[in-house]
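The following dialogue works through a protein model by question and answer. Please keep the sequence and structure in view while reading.

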Amino acid sequence: MSIQAFDIIFAGNLPSFFTDASSSATSITCLEICGDFLYLGCKEGCLLRCSFQKSCLLPEQTVIITKAINCYSSNSAITQMKAISALNQLLILSNETLAILDLETLTLVRTLKFKSVTCFHLNENPLSEDPFTIEICAGSKRKILFLHLSEEDVKLVKEVSTSLTPSTLVIDGAHICFAMGFKYCMLDILSGDFQQLFDIDPQQPPLIHRVSKGEFLLNGPGGLGVFVLSQGFSDKPPINFSSPVSALAFHHPYVIAVCRQGIGFYSIIDQQCKQTIAIDNVRSIVNGDGQVFASTQIDLFALLSISWETQFEKLLVENRMEEALELAKNAHISSKEREQHQHMLIDLEKKVALQRFASARFSDAMEMFETCNIDPHEVISLYHNQIFSEEDIRRKALFFFVDFLQRWRIKNLTSDQKTAVDMALLKYLAKNDQEGIELFNFIVDCHTEPNETCDCLKSYGHFHCLATYYASRQKWEEAFCIWDRLIKSDIEDSHFSGYSHVAEQLMKCGDISLVWRFSGEILKRDEEIGAKIFTSEKLACVMPRAVIDYLRNYPRSLRIFLEFLVDKKNDEESVHTQLALMYIDDINCTGLNRNNPSHRLTTNKLRSLLRTSQKLELTKLLEKLNTPGFPHEHAIVCGRLGQHSAAINTFINLLQDFDAAEEYCACIEDPKAWNVLLTACVTEAHNQMFDRVVDLLRRRSHQFDVSSALLCLPDSTRFNVIAPFINFAVREVEKGLQKMDNFSNKYELIRLKTETFSIQNASYCCVCKKKFVATDGFVRYPNGVLTHVNCATNRQICPLTGHLI
């Protein structure tokens with residue numbers, strides 16, 4: 001899209017600068033600017049130095065040039081010139097010769113000795129650090145010259161041969177871009193590396209212009225302006241010139257292209273033509289320190305750049321924000337204005353991003369939202385106010401909006417921004433989350449206003465989620481009031497997990513007052529789940545008796561709670577006894593169906609409790625169990641009371657259950673019980689159990705008192721039948737005798753160690769027959785034999801008894 005980047009004013013014509021009519025017939029061939037002076041090179045070899053200044057009548061515009069201050073004449077046309085302000089010199093090319101003039105007087109300083117020069121260029125990115133040494137490259141006959149120019153001397157630094165004579169060239173640093181024949185080429189003047197770029201369009205003149213450090217603009221084939229880096233490749237798209245170009249200049253960010261019909265201004269940002277000024281037969285153009293002049297054969301025009309701020313404001317007025325942003329990004333800003341400019345850029349980026357979103361360019365908008373870190377309030381407001389007509393765009397806008405909220409939610413936002421983002425996301429989830437999973441996960445840690453959150457959840461019927469929200473903020477009473485209504489079906493919510501979830505929350509809250517208040521509905525529906533509420537560790541401080549009283553109307557729950565207390569080693573007899581009584585009542589209720597798994601499980605629990613609990617009121621239970629339905633249990637209690645005979649007689653005589661009797665004895669761990677079992681089984685009434693008795697004697701021989709067991713056996717018992725038990729008994733007797741013998745030997749050893757004795761003067765060693773000396777060590781054997789220590793190892797004496805062998 002177009003924009004006015006430059007104004008143009010007439011600056012005078014060439015004939016008016018001459019006093020005599022003969023000189024006025026010439027035409028302008030080239031231009032140069034230095035300071036407040038414009039230099040005109042003419043076809044007839046004339047060179048003029050003209051002044052210009054600011055206008056009082058036309059603010060910020062250049063005054064029309066009225067006269068030439070100095071003149072210089074040569075024998076042929078001036079084809080190229082360049083001011084060297086550091087040396088106060090002007091370098092001109094005329095008749096293939098380089099000449100140096102004084103910059104102010106235009107008098108000839110000297111003519112360089114190099115011949116057949118076709119073109120030259122000053123290095124604006126010099127390799128030398130000396131500010132008074134100017135680097136020049138020049139094209140000559142089949143070679144390129146690299147020169148150092150000082151105030152008094154010219155030095156040829158390097159000469160590179162080429163296959164053809166360069167027609168135009170530009171130098172930047174060590175790289176020279178030049179046209180030769182029908183090719184553009186790149187040369188590294190230091191290393192000599194040479195690279196061919198691309199062909200020259202034969203329909204257009206070869207043009208090369210330095211755009212920036214290390215970058216050149218070439219007049220390429222097909223009317224393209226090709227950007228080439230010093231490395232030999234391009235990093236931006238070419239400019240498509242509308243007509244053949246005869247001259248180029250650059251005024252950031254515009255490439256100024258001259259053609260016969262006028263002047264075109266192309267932005268290097270998007271490579272588009274932004275403005276065209278229609279002037280016929282423009283021959284040359286120059287940009288010097290921001291002052292741009294163009295000329296036809298005799299007329300001069302000043303091109304006045306419109307400030308980027310003015311262009312920027314016009315673009316904003318026309319709502320062309322994208323172009324305004326690009327212009328602002330590429331504007332040349334002074335260091336003093338940089339911070340203010342940066343703030344302006346950020347604000348503009350936000351506007352452009354919002355405009356992209358309103359235009360349904362969602363991916364571009366998201367990218368810029370991230371860049372400028374936009375306030376989410378603006379996006380949320382725009383989304384709710386924006387109306388997209390097409391269904392597909394509305395759907396994409398919704399996905400974009402949710403993605404935006406989720407991205408911004410994890411950013412470091414202010415408190416009110418977090419609230420706005422989470423509230424918008426909550427409304428979306430409340431409306432669209434059919435499963436409810438995301439909503440539940442979100443509601444736990446969202447940063448929203450409580451009243452708005454509650455109203456939103458209520459309006460969409462998310463009562464279970466609302467209760468969860470209250471619970472996450474420790475507002476347990478409000479949460480359980482809602483859950484209680486859901487259990488009673490006063491309100492409906494498809495996402496409600498049921499009373500089991502409420503039970504878990506009651507266990508989690510640990511508030512006994514709420515448990516008393518809200519557990520009743522759960523207990524009515526499922527006593528087992530209801531009982532779990534009271535087994536929570538958070539309710540450990542509650543008196544068990546209070547819970548027992550509360551659960552009296554819920555027997556199954558009460559039983560589970562009593563089992564919990566017993567497992568936790570509660571030491572109240574009433575608890576253990578009440579649990580046993582409940583087991584008895586449950587067994588009585590299912591007595592008609594003893595194969596029922598529940599009946600068997602309860603029976604096993606009762607027997608285990610009766611065997612292991614030390615806190616039972618056994619006398620009370622014995623009376624309760626003294627019925628035909630509990631012989632096994634009655635026997636266990638009898639055993640706990642020490643009534644082994646009654647217990648075992650019940651197992652053997654009443655139940656005919658030898659295994660149960662054996663198990664009972666094993667649990668009691670009293671030898672008397674085993675003997676009672678043996679006595680009960682060897683009577684004539686239980687001859688069928690004799691084989692079991694024999695097997696028991698073999699397997700559990702160590703459990704019986706041997707003598708009592710043998711006395712219990714009938715006289716008719718054959719020895720070979722009870723031989724294993726007899727062998728065990730004999731081994732036990734032998735062990736006893738060996739143990740007694742061992743004790744006797746230990747006693748004798750201790751006695752001998754503690755007994756004192758005296759050695760007579762006539763005593764001598766029984767081995768070497770020598771008398772003892774007071775300093776000699778000696779050994780005394782159990783039989784009283786004395787020997788020297790060394791002689792004690794002699795093989796002629798027994799080491800145990802001391803007898804000579």
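**Reading the model step by step**

Student: What covers the buried residues of α17?

Tutor: This is a predicted model. In α17, the buried residues include Val 575, His 576, Leu 579 and Ile 587. Contact here means heavy atoms within 4.5 Å. The cover of these buried residues includes α15 (544–550), α16 (555–567), α18 (597–612) and α19 (618–625).

Student: Is Phe 704 buried or exposed?

Tutor: Phe 704 lies in the loop between α24 (690–699) and α25 (706–712). A residue counts as buried under 20% relative accessible area. Because the relative accessibility of Phe 704 is 6%, this residue counts as buried.

Student: What distance separates the C-alpha atoms of Phe 704 and Leu 678?

Tutor: Along the chain, Phe 704 and Leu 678 are 26 residues apart.

Student: How many helices and strands does the chain have, and what percentage of its residues count as buried?

Tutor: The secondary structure comes to 26 helices and 30 strands. The chain has 805 residues, and the part that counts as buried is 46%.

How values were computed: Residues are numbered from 1 along each chain as its sequence is written. This is a predicted model: local features need pLDDT of at least 70, side-chain atom pairs count only at pLDDT 80 or more; totals for chains, interfaces and linings use all residues. Side-chain values use heavy atoms; hydrogens and water are left out. Buried means under 20% relative accessible area, exposed over 50%, partly exposed in between (1.4 Å probe, protein chains only). Helices (H or I, at least four residues) and strands (E, at least two) are DSSP runs, numbered from the N terminus.
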